[in-house]
Amino acid sequence: MFVTFEGCEGVGKSTQLKLLRDYLERTGQDAVYVREPGSTDISEQIRSIILDPKNRDMTPETEALLYAAARAQLVSSVIRPALDAGRTVICDRYIDSSVAYQGYARGLGREAVERVNAFAMRTAMPDVTVFIDLRPSAAFRSVSRNDRLEMEALAFHDKVYEGYLAQAAASAGRFVLVRPEKDRADTHRKIVAALRERGAIK
């Protein structure tokens, strides 16, 4: 199965991905772990361009196309081969990030972003998407604001959050919304239970 993790900046997504990876390795469950943009040499180079604070004049169209380019390389090199081999793939961000950030927050529109990425993804759509449901106003206390997207105003990230909620409502059940608990171990248990219920893990 193809599992993606989504969320606004500072929601604890990286921590939960690490906890899930530890759990799967401890219980002998094989998976391929990737991040977006990144996880291939070419995609990592594109990532550095996208997130570099010096590139503040990057247009929304350029940003969307760069994300799609990094995604196309990752799908072709890693995700599609792993899925075809029957392996579970767990990805830190994917198409829903592009729709939320570029489609909603940048104002390009959902349909435009989806059209570009349909070419990039080659039908590699997630089976389950875990969305860590925490508003930016609550999450931003832990954001370092080192990269170009983290440096955007809170109003931008509020639009990202609303974009995620709109996608969740239209996802026909693909999204799993997980409200983070104060104890990250409790959040982890909620995620594991949700993924077990969907048959994504054991």
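1. The lining of the second largest pocket divides by class into five nonpolar, two polar and four charged residues, where Ala, Val, Leu, Ile, Met, Phe, Trp, Tyr, Cys and Pro count as nonpolar, Asp, Glu, Lys and Arg as charged, and the others, Gly among them, as polar. The residues concerned are Ser14, Leu17, Lys18, Arg21, Tyr33, Val34, Arg35, Ser39, Ile90, Cys91 and Asp92. The elements that contribute two or more residues to this lining are α1, β2 (32-35) and β3, and the largest share, four residues, comes from α1. Helices (H or I, at least four residues) and strands (E, at least two) are DSSP runs, numbered from the N terminus. The volume of this second pocket is about 180 Å³.

2. On provenance, this is a predicted model, in which local features need pLDDT of at least 70 and side-chain atom pairs count only at pLDDT 80 or more, while totals for chains, interfaces and linings use all residues. Residues are numbered from 1 along each chain as its sequence is written, and side-chain values use heavy atoms, with hydrogens and water left out.

3. The largest pocket holds about 470 Å³ of space. A pocket here is an open set of points on a 1 Å grid over the protein atoms alone, where a 1.4 Å probe fits, with protein on both sides within 12 Å along at least five of seven lines, and lining residues have an atom within 4 Å of a point. Grid points are joined across faces, edges and corners, and a volume is the space filled by probe spheres set on the points. The lining of the largest pocket consists of 25 residues, of which Glu9, Lys13, Arg47, Arg93 and Glu150 lie nearest its centre. The elements giving two or more residues to that lining are α1 (13-26), α2 (41-51) and α4, and α4 supplies the largest share, four residues. By class, the lining of the largest pocket has eight nonpolar, eight polar and nine charged residues.

4. The unreviewed UniProt entry places the feature "binding site" at Gly7, Cys8, Glu9, Gly10, Val11, Gly12, Lys13 and Ser14. From this set, Cys8, Glu9, Gly10, Val11, Gly12, Lys13 and Ser14 belong to the lining of the largest pocket. UniProt positions are given in the numbering used here, feature names are shortened, and annotations may be inferred rather than shown by experiment.

5. Two residues of the annotated set can be described individually. Glu9 is placed in the loop between β1 (2-7) and α1, and it counts as buried because its relative accessibility is 12%; buried means under 20% relative accessible area, exposed over 50%, and partly exposed in between (1.4 Å probe, protein chains only). The side chain of Glu9 is joined to that of Tyr101 by a polar contact of 2.6 Å, a polar contact being a pair of N or O atoms within 3.5 Å, of which, within protein, one must be able to donate a hydrogen and the other to accept it, with residues adjacent in sequence counted only if both atoms are side-chain atoms. Gly10 is also found in the loop between β1 and α1, but Gly10 counts as partly exposed, at 30% relative accessibility.

6. Arg93 is found in the loop between β3 (89-92) and α4 (95-105) and, at 12% relative accessibility, counts as buried. A polar atom of the Arg93 side chain lies 2.8 Å from the backbone oxygen of Gly7. Not counting residues up to four places away in sequence, Arg93 touches Phe5, Glu6, Gly7, Cys8, Glu9, Lys13, Glu36, Tyr101 and Tyr164, where contact means heavy atoms within 4.5 Å.

7. Asp96 has its place in helix α4 and is buried, with a relative accessible area of 3%. The side chains of Asp96 and Arg174 are joined by a polar contact of 2.8 Å. Leaving aside neighbours within four places in sequence, Asp96 is in contact with Glu6, Thr129, Tyr164, Gln167, Arg174 and Phe175.

8. Phe131, placed in strand β4 (residues 128-132), is buried, with a relative accessible area of 0%. Phe131 and Val178 are 47 residues apart in sequence and 6.1 Å apart in space, C-alpha to C-alpha. With neighbours within four places in sequence left aside, the contacts of Phe131 include Glu6, Gly7, Tyr164, Phe175 and Val178.
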